[in-house]
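Colleague: I have the file open and a few things to ask. Can we go through it piece by piece?

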Amino acid sequence: MVTTQQGQQGAGRGLDFARDVAGRIRDRIKQDLIGRDDVIELVLVALFSDGHILLEDFPGSGKTTLAKALGNSIMDDLPDDEIPSFRRVQFTPDMLPSDVIGVMVLDTQTNRFYFRRGPIFAYVLLVDEINRATPKVQSALLEAMAEKQVTVDNESYPLNELFFTIATQNPMDAVGTYPLPKAQLDRFLFKVRMHYLDRRDEIEVVDAWGMPRQTRDLPKVLRGEVVEAREIIRHQVHVAPRIRVGLVDLARGIRQDPRVALGISTRSLVQAVPALQTLAALRGRDYVVPQDLEYLSVPLFQHRVVMLPGEDNPEDVVMQATRMVIEDLAEAMLK
Amino acid sequence: MKHRLGSVILGLLQWVLLSFALYLYLRDLAVPVVVKESIIASGGGVWLAWLAHSRRIPLYYSIPGGLAVIGLGMLLARWVTAWQGGPAPIDTLVYSQALLFSMVSAGFVFLLRLFALQWETLGILEFLFVELAVLQAFARHRYLHLDRPRWLADWAIVHGIAPQHILMVVGIAVTVPAFLVFIRRARLWKVISGLLLLVLVALGVYYLRNELPVQRIVAKPPGANSGSSTNKNKPGHGSNNGKSGRQSAGRGKGQGNSGFGRSGASRRGQNLPVALAVLHDDYAPPSGLYFFRQQVLSRYNGVKLEVDTSGNYDGDVITRFPLEQPVFATADVAPEKFHKDMAVTMYLIMDLGQPLALDASIKLSPARNPDPMQFRMAYNTVCRVLNVPYEQLLDLHSIPPQWPDAKKRHYLAVPDDPRYKSLLHKILQGLPPELKDNDLAKTVEVITWLEDKGIYSTRIAYKDSKDPVAAFLFKRPIKGYCVHFANAAVYLLRTAGIAARVALGYVADPARHARDGTVLIMNSRAHAWPEVYFDGAGWVPFNVTPKRTEDPPPPPVDRKLERMMGKMARKKHNALKRHQPRHKRPGHARKHKSWHNFNFNFKDLLFMLLGLLGLLYLVKFVRLAMAWFGRGRRGHVYVYRAVLDRLSDIGVRRRYGESRESFAARLVDTSPTFEDLTWAHLGVMLGWQRQQVDVDAARGMMREVMNEVRRKVGFVRWVLGWLNPVGWWRVK
């Protein structure tokens with residue numbers, strides 16, 4: 001029923017392979033999700049650059065559909081690890097960390113405790129309404145996101161190396177929420193604000209709803225292929241020294257902006273490099289160009305900037321610094 | 001908040017500096033009461049510019065908006081002036097001036113600020129605006145006009161400090177903040193290029209001002225014979241040349257502007273002291289005015305009256321300065337019957353071409369210059385001034401019987417135009433029969449008639465007429481200024497058989513001057529008047545003052561300044577001790593080396609501009625040519641740069657903060673190949689170093705791009721692009 005395209009194993013495969021993997025995922029997601037090409041691209045960038053993504057949007061805008069489609073397009077090639085490709089957790093205020101991570105359970109037959117895995121053991125995890133759970137749960141999750149392992153009763157259980165979180169939060173409801181602190185927001189590679197669909201796409205969505213879907217069985221990708229594609233991208237996309245310098249200048253520019261209380265972290269710059277590489281690869285290049293920076297700087301950095309009281313436009317701060325860097329880069333390239 | 005407070009303080013500082021500059025400019029131009037309004041209005045300009053910039057109002061709204069405010073100010077001011085039955089004249093003047101200057105200041109400051117906010121290079125304009133204000137205010141000081149800026153100089157002198165030190169300190173105190181406030185943030189090369197550009201423009205303006213306009217008043221050392229300059233006079237009563245003989249005083253800056261042919265607007269702005277006269281005796285002139293005569297026009301050359309250079313006539317007018325020896329009047333000196341001799345010491349503040357003295361001087365002798373820092377030179381005069389009322393001349397005849405015929409003809413020559421005779425006949429109709437042959441009565445009748453019928457106006461000039469006097473006199477209403485009236489009076493008097501000539505110089509109203517015998521002669525009171533010869537009394541000055549006038553009264557003489565200069569002139573001993581070593585020869589002005597005497601003219605400027613243009617083209621074509629010579633990565637850069645140059649030439653440029661890729665994507669309709677070339681360029685510059693650089697392919701693409709662009713933009717724009725010398729400069 002599901003055709004799996006077995007990729008060739010081994011080294012020597014190039015960016016075309018990585019692009020092909022990404023293309024297959026993209027095609028599968030697009031089949032389920034209409035009119036969100038930009039978000040899909042960012043999700044793919046996050047997936048292949050080993051980051052996590054925070055979607056900020058109104059209810060019913062396709063977040064879950066997106067995450068599900070993504071989870072469904074990845075096929076488990078390690079049946080023994082008992083990790084499913086997709087799980088979803090709905091965060092609520094009464095949750096406990098064990099609801100997410102897992103819990104030690106007594107096996108009555110052997111009289112021994114064994115670890116019963118929580119939903120976090122998945123390749124793609126959708127965390128719905130992350131700001132509804134208490135900070136305790138949030139930090140348990142965020143630790144897992146950063147370390148790719150969970151610790152229960154002094155024992156560590158590794159997550160799969162392809163551990164990709166899509167978290168969502170609703171920007172409107174403030175009652176009964178625990179907003180993520182900036183330090184935790186910093187763990188997310190991107191924060192993406194989804195917007196309403198445009199009219200034509202929305203009509204298409206309404207038309208298609210409830211109709212028997214003409215789904216084609218598009219090829220899935222293997223978990224291992226995604227991991228391999230990550231490696232390929234990391235090694236085969238060139239980031240010119242100028243671009244790296246530009247990245248640092250961008251951070252400095254943001255920090256020096258008089259409207260900013262706290263600028264972006266060095267970690268965010270380290271995370272930004274693979275993201276830029278991935279975008280370049282997805283767009284068919286083996287080198288990063290300023291346009292990649294232009295495209296990614298806002299989702300990459302805007303949620304990490306702490307503004308002074310009275311200022312509320314981090315996007316503008318980031319754009320201004322980006323323009324400055326692009327100007328410098330353009331000038332440097334004619335010399 | 002910190003940021004906002006800082007920008008508010010910066011804005012205030014900018015406003016303070018700009019208003020100080022405005023104040024310095026307006027002091028000379030405007031009625032004092034409107035300076036305050038203008039400065040407040042300029043604050044509005046600063047604020048509006050900031051608003052327009054922060055709200056991102058497009059320049060094609062804001063620039064015309066600023067210009068419109070300026071234009072509106074001018075229009076409204078004119079309307080208020082022309083408003084019949086409006087407020088009282090003085091209020092009208094104040095309102096119109098307030099409207100004019102406040103709106104013009106607001107608009108000007110708005111534009112200045114807007115430009116500076118928009119393009120940081122143009123921040124230099126504001127800086128220069130402030131600097132020039134200080135410079136022009138202080139430059140006057142340099143030309144020995146103590147009153148500029150007087151509030152400062154007076155204070156300094158009173159406290160025994162040399163004014164120049166104070167001025168220097170003020171200059172620095174303004175320059176440094178102006179630099180910090182206006183061009184602190186600009187990049188150095190932008191500042192320098194902006195400065196260079198402005199220097200070029202300023203040089204251009206300066207030399208256009210001095211070279212192109214008809215008149216360039218040559219600054220001659222005092223005492224040089226200026227009579228020769230009149231030979232160059234072109235015919236034309238009201239032409240600017242008409243005054244060059246009298247007024248060589250301008251020092252190239254238009255300071256000696258007499259208003260002869262110019263409209264009054266330029267004249268009223270000038271209220272500078274020309275000379276200081278110290279009268280050593282009491283004197284109440286019968287005409288009610290002190291006439292300071294400098295020159296006379298007596299020869300009729302077929303078109304107009306001019307200075308007699310033959311040396312046969314007007315021997316009573318001394319035209320040479322007494323450099324070392326006294327100079328005496330040679331002929332026609334008035335007998336002492338109706339006159340008295342008065343000692344007057346003249347202190348020249350401006351360079352004059354010919355000496356100036358009260359009425360008719362009979363002897364000039366050198367005097368010590370008490371303060372060469374303030375006075376160009378000094379000389380003693382003995383003036384034979386009319387000391388009796390005009391009535392006592394009633395029985396005198398004009399032309400002495402012993403005069404030779406040539407002399408009679410000289411002083412009676414008039415245009416061959418019957419209209420003069422008929423007009424004269426009309427004028428003299430009213431004379432009682434017993435006075436029909438009385439020369440004084442005829443003179444008075446003619447002058448009274450002119451005063452009744454004439455309207456004084458400096459806004460008029462009779463330049464191109466063949467007989468300018470006729471153009472003036474036979475037109476209704478008779479409208480003109482002193483020169484016109486004096487000439488008309490002389491023509492009519494000569495027609496009546498009375499020897500008359502036009503005298504040029506300055507007048508001063510005794511009532512308006514200090515009582516201690518010090519008369520500050522201002523160039524706003526440059527004047528022309530008729531003189532009539534009476535047998536037995538010599539040349540007697542008359543004044544024609546039309547009863548109606550369209551001009552505001554002359555600005556008052558600054559009594560404070562007058563008194564101060566008078567004291568300075570009298571304080572000979574102390575001053576002389578200080579300056580003796582450097583200025584040994586009394587009465588001789590120090591040698592003056594002015595910076596604008598250096599030999600540089602308009603042609604040089606033209607060549608300089610052409611040279612600059614050539615240089616720009618050279619750079620342009622060298623950059624283009626380099627596209628064919630580079631190799632490897634450099635070659636690629638040259639090729640890409642050449643393409644960018646060409647696009648910039650036709651006005652297609654990358655926006656600020658736009659990446660090259662986005663720029664290329666934006667241009668994809670114009671030139672699809674440009675996008676390919678851009679990607680090739682980016683690949684070379686940012687991709688893996690191991691890949692081969694194919695410059696030839698890039699050159700191929702370059703040609704393709706140029707073809708595509710040419711097809712797209714059309715021939716005209718393409719050619720204009722080639723002619724654009726600065727496209728490469730603006731490439732980003």
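Colleague: At what angle do the axes of helix 1 and helix 3 of chain A cross?
Modeller: At roughly 140 degrees, and the axes come within 9 Å. Helix 1 covers residues 15–32 and helix 3 covers residues 63–72 of chain A. Axes here are lines fitted to C-alpha atoms, for helices over the stretch in contact, with angles from 0 to 180 degrees between N-to-C directions. Helices (H or I, at least four residues) and strands (E, at least two) are DSSP runs, numbered from the N terminus.
Modeller: Before you go on, this is a predicted model: local features need pLDDT of at least 70, side-chain atom pairs count only at pLDDT 80 or more, and totals for chains, interfaces and linings use all residues. Residues are numbered from 1 along each chain as its sequence is written, and chains are lettered from A and ligands numbered from 1 in the order in which they are written.

Colleague: Different topic. How do strand 7 and strand 8 of chain A run, parallel or antiparallel?
Modeller: Antiparallel, joined by four bridges. Two strands pair if DSSP finds at least two bridges between them. A:Q149 stands opposite A:P158 in strand 8 of chain A. The two strands form a hairpin with two residues between them.

Colleague: What is phi in that turn, at A:D153?
Modeller: Positive, about 50 degrees. A:N154, in the loop between the two strands, also has a positive phi, of about 65 degrees, although it is not a glycine. Most residues other than glycine have a negative phi.

Colleague: Is A:N154 buried or exposed?
Modeller: Exposed, with 5 other C-beta atoms within 10 Å. The cut-offs are 20 or more other C-beta atoms within 10 Å for buried, 12 or fewer for exposed, and partly exposed in between, with C-beta atoms placed from the backbone. A:E129 is partly exposed, with 18. A:E129 has a phi near 50 degrees and is found in the loop between strand 6 and helix 5 of chain A.

Colleague: And chain A overall, what share of residues count as buried?
Modeller: 41% of 335 residues. The secondary structure of chain A comes to 12 helices and 13 strands.

Colleague: How many residues does each chain give to the contact between A and B?
Modeller: Chain A gives 20 residues and chain B gives 19. On the side of chain A, helix 12 gives the most, with five residues. That side divides into 11 nonpolar, three polar and six charged.

Colleague: Last one, chain B. What is the order of the strands in the open sheet?
Modeller: The order is 11-10-16, with parallel pairing. Strand 11 (478–480) and strand 16 (548–549) of chain B stand at the edges, each with a single partner strand, so one side of each is left without a neighbour in the sheet. Three bridges join strand 10 to strand 11 of chain B, and B:K479 is the bridge partner of B:I455.

Conventions: Contact = placed C-beta atoms within 7 Å. Nonpolar A, V, L, I, M, F, W, Y, C, P; charged D, E, K, R; others polar.
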